[in-house]
Amino acid sequence: MSILSNANPGEKPIIYMSEVYAPTLKEDPADAEIASHRLLLRSGMIRKMASGVYTFLPLGMRVLSKVENIVREEMNKVGAQEIMMPALQPEELWHESGRWDDYGPELMRLIDRHDHGFCLGPTHEELITALVRNELKSYKQLPCTLYQIQVKFRDEIRPRFGLLRSREFIMKDAYSFNADQESLQQSYDDMSRAYGTICERCGLDYRPVEADSGQIGGKVTTEFMALADAGEAELVHCACGYAANTEAGACIAHPTVYEAQGLEKIATPGVHTIEELAAFLDIPESSTVKTLVGQDGEGNLVAFFIPGDHELNEIKVEREAPGFLFLTDEEMEAHGLHKGSMGPVGLPEGIRIIADASLRAVSPWVVGANEDGFHYVGAQPGRDFTVDAWADLCIVAVGDDCPECGAPLAGARGIEVSQVFQLGTKYSEAMGACFMAEDGTEKPFIMGCYGVGVTRTLAAIVEQHNDEHGIMWPMSVAPAHVCIIPLTVDDDEVQPVAEKLAREIAAIGFEVVVDDRKERPGVKFADADLIGWPLQVVVGKRGLENGTVEAKLRRRDVKKDISIDLLTELLASVRRAAKEGRNLRIDGIGMFDMLFD
Ligand code: ATP
Ligand code: MG
C-alpha cells in the first residue's frame, strides 16, 4: 500500500508557495463555530459560495484527492467497480420507488424546459437499480458491486459546520447486488472491513457503531463514527469494543432500590417532576420510576414505566406501540390521569402497562399515586399492580451496563463518516429488478448500499488533528509532506540551499513545498502551522554557518537543528521504511517521528 500518494499527477516536483492560490486568513471567520470549518477556511483550503455550498481551493483539493484515492483503493481492493452516474435524476424513477413523495423537502427538485421533473441526487439507489435491471440477468454474474465518487445534493434544514453538514457534498456510494442473504452478508462484511481501513488510513480515531438494534434480526446497519466533540451523534462505548449510537443502542439501566416496608402512600405537596420527587425524598433519581402515558396508532392507551434517571427512546416505543403519541394535558384529564403523580397502582382501567426490563430486578418502586400531591413508596409489581410486558425502552446512557460484557459504558460524541446498510429487496422489488436464479426461478436482487462521506471525512480529520495554531495533517492526506522555509529569498546563500534541499527531498519521494514568498519569517511560520505541513524545515543564514537547518515536527511541536546531509539521509530511510511498511502506523501519522526519537 502506498502511504504517500501524489495529489496531482504530472505536476512539477516542487510546489512554490509564491505560485499557489492559497489565501490564508489571520482572523477567524465569523460564522465558523468549529475547528474544522474555521481552519479549512483560514488555511485557504475552502471558500463558501452559499449556505452549505463550498469551493475547494488548490490545497484543499490536494487533500480531497488523497482522501478520494484512499477510498478508491480500498473499494478496488474488495472488487467493487467504479462507475459514474449522473447527478441529475429523472423524477419517474423516484415515483417507482415511492420516494418522490417520501423524501420530503431535502430533495432538490427541478423542472427542465420540456416540463420534465428531475431531482439532484441525494443518493443513487433508484438510478443504480434502473441501471442494472435489464442487463444484470443471471446468478452467474453475481455478486456485483458498483461504486462512484460523486457530488450529492441534500437541502438540509440546517446546513452547518462547514463540510460536516453541507448541501452539496462528495460521497462515495457503493451498491451490491447479491443472489442470497449469505452473499449479501459477505459483501457487507467486506465493505465494513474496507470502511475500517479507510478510517485508519485517514488517521481517524473511529468506532463502528450499532446504528439499529435490528427489528428484522441480525445486524443490518453499522455507522462508522469519528470520535469528536463537535460530532452530532451521541455514543456509548466500552473497552470490550462495543459501541452504539444512543438512539439505537440496547439499554441496560441500573435502577437503585429505595427500601420500604410495604405499600405506603405519602404526601408530596408541590412535587410534579422526578427531580422534585428525588429531592423531596432525598433519594437518587435512579430510585424513582417515571410514568409516561399515550395512545398507540389504534387508539389503545399505553403506560410506559422507566427508571427515573432515563429517557424514553422513541424508536423503541414505536416498536412496542406503533403510532404512539403522548397524551395532551386535556386528554390526560379526560382519562382521569394526574400529570405529575401518575403510577401503576390505581391506574384507570384498560391501560396497558409496559415496563423497562431493568425494573424487573428492582422492587419495590417509588411512583406517583394517581392523586395530586401523593406518591407511593414500596409499590410491588405482581402484588400491587400487573405489568403486561417488559421491554427495552430507554435511551442508553453513560454508566449503563455494556450489553456485551456488563462493564459500565463510557460516553463520547461522534461524526458519522460512513455507513453500511443491508437493503434487502426494497428497491429491486419496487422497481422490478430481477435475475435468473440457479434453480431457474426469477428473483429480485438482494441489495446492500454503502456510503462514505468523502468531504465530511476530510473535515473529521481536521476535527481530530488540530491545535491552537492550525491543522496537523496525517501524512496520508497532507497537501504535501515537507515545507521548506527559507528565511530570506533574495540572497545567494539561503535560497539556493533551500532550492537544492527541496530537489533532494523531492527526489527521495516526498512532496515538497518551498515557501519562497517575500514575507516576514513570522508570517511564514504562522501559515506553515495553520496549513499543517507535517515536517517543516527552516533554512537560515546562521544555521548554514554551522551547516545545519532547523527541522520541526508539526504534530509534536518539537524542533531540532540538524545537518542537511543527516536530514536527507534520515528522510531517505523514512521513505524506504514507508515503502516496506515498516515501523509506521498505517496512516503514516508517526512517519517523521523517527527523525526526532
Ligand atoms: P446524517 O444522519 O448525518 O444526515 P445520513 O445518515 O443521512 O447522514 P447517509 O445517507 O448514510 O447519510 O449518507 C452516507 C454518508 O454521506 C454519511 O455517512 C455522511 O458521511 C455523508 N453525508 C450525509 N449527509 C451529509 C451532508 N449533509 N454533508 C456532508 N456529508 C454528508
Ligand atoms: Mg447514515
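The second largest pocket is lined by 20 residues, and those nearest its centre are H272, K290, T291, G340 and M342. A pocket is here an open set of points, on a 1 Å grid over the protein atoms alone, where a 1.4 Å probe fits, with protein on both sides within 12 Å along at least five of seven lines; lining residues have an atom within 4 Å of a point. This is a predicted model, in which local features need pLDDT of at least 70 and side-chain atom pairs count only at pLDDT 80 or more, whereas totals for chains, interfaces and linings use all residues. Residues are numbered from 1 along each chain as its sequence is written, chains are lettered from A and ligands numbered from 1 in the order in which they are written, and side-chain values use heavy atoms, with hydrogens and water left out.

The volume of the second largest pocket is about 350 Å³, a volume being the space filled by probe spheres set on grid points that are joined across faces, edges and corners. At least two lining residues come from each of α7 (274-281), β15 (289-295), α9 (329-334) and β19 (365-368); helices (H or I, at least four residues) and strands (E, at least two) are DSSP runs numbered from the N terminus. β15 makes the largest contribution to this lining, with five residues. By residue class, the lining holds ten nonpolar, seven polar and three charged residues. Ala, Val, Leu, Ile, Met, Phe, Trp, Tyr, Cys and Pro count as nonpolar, Asp, Glu, Lys and Arg as charged, and the others, Gly among them, as polar.

The largest share, eight residues, belongs to β22. The lining of the largest pocket consists of 21 nonpolar, eleven polar and 14 charged residues.

E416 (OE) and Q419 (OE1) coordinate the magnesium ion (ligand 2) at 2.0 to 2.3 Å. Donors are N, O and S atoms within 2.8 Å of the metal (3.2 Å for Na, K and Ca); water is not among the atoms, so sites may look incomplete. E416 counts as partly exposed because its relative accessibility is 27%, and Q419 is also placed in that class, at 22%. Buried means under 20% relative accessible area, exposed over 50%, and partly exposed in between (1.4 Å probe, protein chains only).

In helix α13 (residues 521-531), the buried residues are V523, K524, D527, A528, D529, L530 and I531. These residues pack against α1 (35-42), α2 (58-77), β27 (470-471), β28 (482-486), β30 (535-539) and β31 (548-553). G532 follows α13 and has a positive phi, near 90 degrees.

R554 lies in the loop between β31 and β32 (558-563). R554 is classed as buried because its relative accessible area is 2%. Residues up to four places away in sequence aside, R554 touches D467, H469, G470, I471, M472, D529, G532, W533, P534 and Q536, a contact being heavy atoms within 4.5 Å.

The chain contains 15 helices and 32 strands. Of its 597 residues, 54% are buried. Among contacts with a separation of 6 or more, 70% are between residues 24 or more positions apart.
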